[in-house]
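Here are my notes for anyone opening this one for the first time. Have a look at the model, then work through the points below.

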Amino acid sequence: MSNARINLQNIVVNGVDTQARAQTLRQWFVGRKSLRPIAIPILSDVSLTVRPGDRLGILGLNGSGKSSLLKVISGNYPIQSGSREVLGNVVPLIEMGAGFDPELPGRRNIRVSYAYRGRLREYSPEMEQKIIDFAELGEKIDLPLKTYSTGMASRLAFASAIFQQPDILLLDEIFAAGDASFVEKSTTYMKKKWEEAAISIIVSHGTGDIEKLCNRCIIMERGRLIADGAPAAIVAEYQRMAHAHAVA
């Protein structure tokens with residue numbers, strides 16, 4: 001049994017209100033106001049424990065903190081207060097391609113991807129070739145990334161991420177880039193990884209995906225975790241919330 005585990009206790013994450021800060025800066029320059037941080041809450045007092053075998057879906061309206069929660073779990077967001085304990089190899093399919101350098105060829109960017117995620121020890125020439133073959137880039141792998149189409153870059157980013165071995169797999173929406181055959185191949189492979197990981201978590205607006213893939217579901221609202229339970233019950237509650245918001 002894997003010892004993978006996620007334990008978040010009373011997590012608080014704040015961001016910066018850029019419009020308010022710009023106004024403050026203007027007033028500071030003309031001597032009307034002292035300069036101070038303009039914080040806005042992103043996550044407020046979030047506590048969540050996830051154990052091996054959990055297939056967790058995260059629902060919430062836009063701006064509710066869903067993706068921010070994934071970034072806290074992956075270690076990409078600093079927390080202002082609370083505690084974060086994450087045991088196991090985390091593979092986040094979040095903002096795929098982060099760290100890529102457009103001036104470097106695709107082949108070099110595979111290593112960049114591994115280094116960016118702190119997984120360079122897992123890199124090997126054999127793994128590199130698997131990624132190139134999966135991404136279907138052929139000889140173009142040695143061209144600068146800036147010459148790639150959006151679809152080519154997306155295929156390379158996805159393949160570079162998914163060929164790592166996760167204890168904890170984080171998905172921000174279902175991947176859907178490229179032509180139909182590549183999407184089908186990617187979805188099949190991603191579902192295999194979903195089942196193999198000790199813990200799998202997905203953010204999705206598609207309640208059908210949540211009910212099909214998950215055995216547990218939570219709802220985020222305005223940076224707070226407000227519901228946690230079996231997918232069918234939580235999806236029904238989320239649909240009531242979404243309807244109420246739409247008619248408000």
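1. Start with a charge on a ring: the charged end of Lys-185 sits over the ring of Phe-134, 4.4 Å from the ring centre. "Over a ring" here means that NZ of Lys or CZ of Arg is within 6 Å of the ring centre and within 35 degrees of the ring normal. Arg-155 does likewise with Phe-182, lying over its face at 5.7 Å from the ring centre.

2. A word on what you're looking at: this is a predicted model, where local features need pLDDT of at least 70 and side-chain atom pairs count only at pLDDT 80 or more, while totals for chains, interfaces and linings use all residues. Residues are numbered from 1 along each chain as its sequence is written, and side-chain values use heavy atoms, with hydrogens and water left out.

3. Back to the rings. Phe-134 and Phe-182 belong to a cluster, linked by ring pairs, with Phe-158, Phe-163 and Tyr-189. Rings of Phe, Tyr and Trp (its six-membered ring) pair if their centres lie within 6.5 Å, and the count comes to six aromatic pairs.

4. Phe-163 also turns up in the largest nonpolar core, which has 42 residues; Phe-163, Leu-93, Ile-131 and Leu-156 have the most contacts inside it. Such a core is a set of buried Ala, Val, Leu, Ile, Met, Phe, Trp, Tyr and Cys residues joined through side-chain atoms within 4.5 Å, buried meaning under 20% relative accessible area with a 1.4 Å probe, protein chains only. Helix H5 (residues 150–162) gives the most to this core, with seven residues.

5. What does Leu-156 touch? Leaving out residues up to four places away in sequence, its partners include Phe-100, Ile-110, Ile-131, Leu-137 and Tyr-148. Contact means heavy atoms within 4.5 Å.

6. Now the sheet: six strands form an open, mixed one in the order S5-S6-S7-S3-S8-S9. Strands are DSSP runs (E, at least two residues), helices likewise (H or I, at least four), numbered from the N terminus; two strands pair if DSSP finds at least two bridges between them. The edges are S5 (90–93) and S9 (224–229), each pairing on one side only.

7. Inside the sheet, S3 (residues 55–59) and S7 (residues 199–203) run parallel over four bridges, and Arg-55 stands opposite Ser-200 in S7. Helix H8 (residues 231–247) packs on the sheet, touching S3, S8 and S9.

8. Overall, the protein chain has eight helices and nine strands, and buried residues make up 44% of its 248 residues.

Key: Axes are lines fitted to C-alpha atoms, for helices over the stretch in contact, and angles run from 0 to 180 degrees between N-to-C directions. Rings of Phe, Tyr and Trp (its six-membered ring) pair if their centres lie within 6.5 Å; planes under 30 degrees apart count as stacked, over 60 as edge-to-face and the rest as tilted. Buried means under 20% relative accessible area, exposed over 50%, partly exposed in between (1.4 Å probe, protein chains only).
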